[in-house]
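Visitor: Please show me the model, and then let me ask about a few places in it.

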Amino acid sequence: MFLLPDYRVRQRDFLLEITRAMTSQLDLGEVLRLILRASVSMLAGEVGLMALREGEDGALRVRALIGAAPEDVAVFTPLLTGVTDSGEGIVIADFEAKLRRVAERLQLPLRQMIALPMMLGQEFVGVIYVFRSFTAATTLNDRRVLQSFADQAAIAVHNARLYQAVNQERQRLARILENSADGVMILDGGRTIQTFNKAIARMTGWTPDHVVGKPYDAVIRWAGRPQGKDLVEAMQAGWPWPSANRASETLYVEGDLLRADGTALGVGMTYAPLIDSEGRLINIIINVRDISHFREAQKMKSTFISVISHELKTPVALIKGYAETLLREDAKWDEQVVRNGLQVIGEEADRLTELIENLLAASKLQAEGMALKYEEVMLDELAHAVVERFRTQTDKHQFVVEFPRDFPSVPGDASRLRQVIDNLVSNAVKYSPRGGEVRISGTYTPGEVRIAVQDQGVGIPQEEWERIFDRFYRVDDALTRKTQGTGLGLYLARAVVEAHGGKIGVHSVPGQGSTFYFTIPRRQVYQHQEKDRSAT
Ligand code: ADP
């Protein structure tokens, strides 16, 4: 008689403990062990085992064991195979023999086993086994108790799986965000930075550690006024506007963002609000895109157009002018005038051809990189040939070509290397308007040859030494403005030299002259070609 109340009390205590465990975010293993302990205890069992169906095959795997050493887990394996849920209870194939074998191997007097399915709705998620050292009819009450524990266990498993799924999804999203090529920043409703991904860290120079938890307004600052309403301004004006049309709620701003080092970066930012069902602003998701390349491309395009129109117009105007003059029916030109005129036409046509070739080469280079036709090249011979051509064009300059007698040949693309020397000599002449000496010399080491082109011209200030090799770049001075050119010569020269695996550079003393040099390896270098140098 006294057993009954005690039994009820313990059952209630256990259920309470289990519920508490389940709501206190204990890990699944602990909750399952607790439920198993309760089941074993309520049924006066000796050993308890809980197995869950896991993995793709849905095979039962032991998740909790009490009353036996953990090493003995394998002993129970036979009881986990051939298990079905009949709807009336668990059916295990060849059950009696399996139980005897388990008892023998554990050396425990296990006489009876009660197995209860853990069900989640219709889904069979696992089994609780309780082994007893005595045989007793299981009462309806026993079954009810055990069932209530099994139900709790099923719910715990279900919760854990949900939690895991949510967690996995969260991690997946976090990883996508983290590795997105666009900068992503997430703010809470009060504009505090919560997330700051790699891309935006790279763009701004701030690390997430530094900015997460800080107010957006303190971190994002613009150099000058951005185009469009900045977030702060927009929010003061009531953004996100309560509108039926959610799509129109995003904001877009373009401007120069101040970076950690004080420099500015051209960016476009899109702000999207995340609003809960009650209309409260939960998050602001900000997408940041570096638009400096885009801007540079725009600038490049307009430079290109102005350079080209200027450079094309001059020779065309000269050609047309001379042709028209010579064609005039009312005039008779003596032979010398005709010759001069035709010579100018010829030279200007050459210049046009060169210009067009340079342009084609530059756009081809940008589109497909540079393919070289390798052969053995004698750079000293090329230098002599180039100089011969220039000698006829100027009498203010003296040319000196200086190569050692045993100057070696190099593997390279002869016509492109000739272009390089041609460009350097042409510049040496163009940028020494008062004349002087132009000296082309060659030296070599076991690894490479080195060609230098030295002039006594206007020179180049040091801060320009790098940039003059950029596409369309020309030094902004009076002489350059007067002198014809596109700013493509050195860009192409650098591309050719680098495609050969060499280097190009300049030293100069403004007012005294410049020395351009390049090296070419004596052994062919195979290297990956950059497709586009336009980023420079
Ligand atoms: P371009 O001569 O058509 O302008 P380049 O790419 O050959 O273009 O040269 C770029 C700029 O570098 C020139 O505009 C000029 O300002 C400067 N430059 C090149 N060579 C010399 C030189 N030998 N002496 C002084 N300035 C030079």
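**Questions about the model**

Visitor: At 73% relative accessibility, does Q107 count as buried or exposed?
Guide: Buried means under 20% relative accessible area, exposed means over 50%, and partly exposed is in between, with a 1.4 Å probe and only the protein chains counted. Q107 has a relative accessibility of 73%. Q107 therefore counts as exposed.

Visitor: What kind of model is this, and what is left out of the side-chain values?
Guide: This is a predicted model, in which local features need pLDDT of at least 70 and side-chain atom pairs count only at pLDDT 80 or more, while totals for chains, interfaces and linings use all residues. Residues are numbered from 1 along each chain as its sequence is written, and side-chain values use heavy atoms, leaving out hydrogens and water.

Visitor: Where is Q107, and what is its phi?
Guide: Helices (H or I, at least four residues) and strands (E, at least two) are DSSP runs numbered from the N terminus. Q107 is in the loop between α4 and β5 (112–120). Most residues other than glycine have a negative phi. Q107 is not a glycine, yet its phi is positive, at about 50 degrees.

Visitor: What is the phi of D94, and is D94 buried or exposed?
Guide: D94 is in the loop between β4 (90–92) and α4 (95–106). Although D94 is not a glycine, its phi is positive, at about 55 degrees. Its relative accessible area is 57%, so D94 is exposed.

Visitor: Where does the ligand sit?
Guide: On a 1 Å grid over the protein atoms alone, a pocket is an open set of points with protein on both sides within 12 Å along at least five of seven lines, whereas a cavity is a set where a 1.4 Å probe fits but cannot get out; lining residues have an atom within 4 Å of a point. A molecule sits in one of these if more than half of its atoms lie within 2 Å of its grid points. The ligand sits in the largest pocket.

Visitor: Which element gives the most residues to the shell around the ligand?
Guide: Two or more residues come from each of α13 (414–430), α15 (489–499) and β19 (513–521). The one that gives the most, with three residues, is α13.

Visitor: How many residues surround the ligand, and how do they divide?
Guide: A residue is near a molecule if one of its heavy atoms lies within 4 Å of it. By this count 21 residues surround the ligand, the closest being N427, Y431, D455, R474 and T486. Ala, Val, Leu, Ile, Met, Phe, Trp, Tyr, Cys and Pro count as nonpolar, Asp, Glu, Lys and Arg as charged, and the others, Gly among them, as polar. The shell divides into 10 nonpolar, eight polar and three charged residues.

Visitor: How much of the ligand's accessible area does the protein cover?
Guide: The side chain of Y431 has an N or O atom 2.8 Å from a ligand oxygen, and a backbone N or O atom of G487 is 3.0 Å from an oxygen of the ligand. A polar side-chain atom of S514 is 3.4 Å from a ligand nitrogen. Accessible areas come from the Shrake-Rupley method with a 1.4 Å probe; for residues, only the protein chains shown count as cover. Of the 530 Å² that the ligand has on its own, the protein covers 98%.

Visitor: Which backbone nitrogen does the side chain of T486 reach?
Guide: T486 lies in the loop between α14 (478–482) and α15, and it is buried because its relative accessible area is 7%. A polar contact is a pair of N or O atoms within 3.5 Å; within protein, one must be able to donate a hydrogen and the other to accept it, and residues adjacent in sequence count only if both atoms are side-chain atoms. At 3.3 Å, the side chain of T486 reaches the backbone nitrogen of L488.

Visitor: How far apart in space are D261 and T204?
Guide: D261 is in the loop between β10 and β11 (264–275), and its side chain has a polar contact of 2.6 Å with that of T263. D261 and T204 are 57 residues apart in sequence. From C-alpha to C-alpha, their separation is 8.4 Å.
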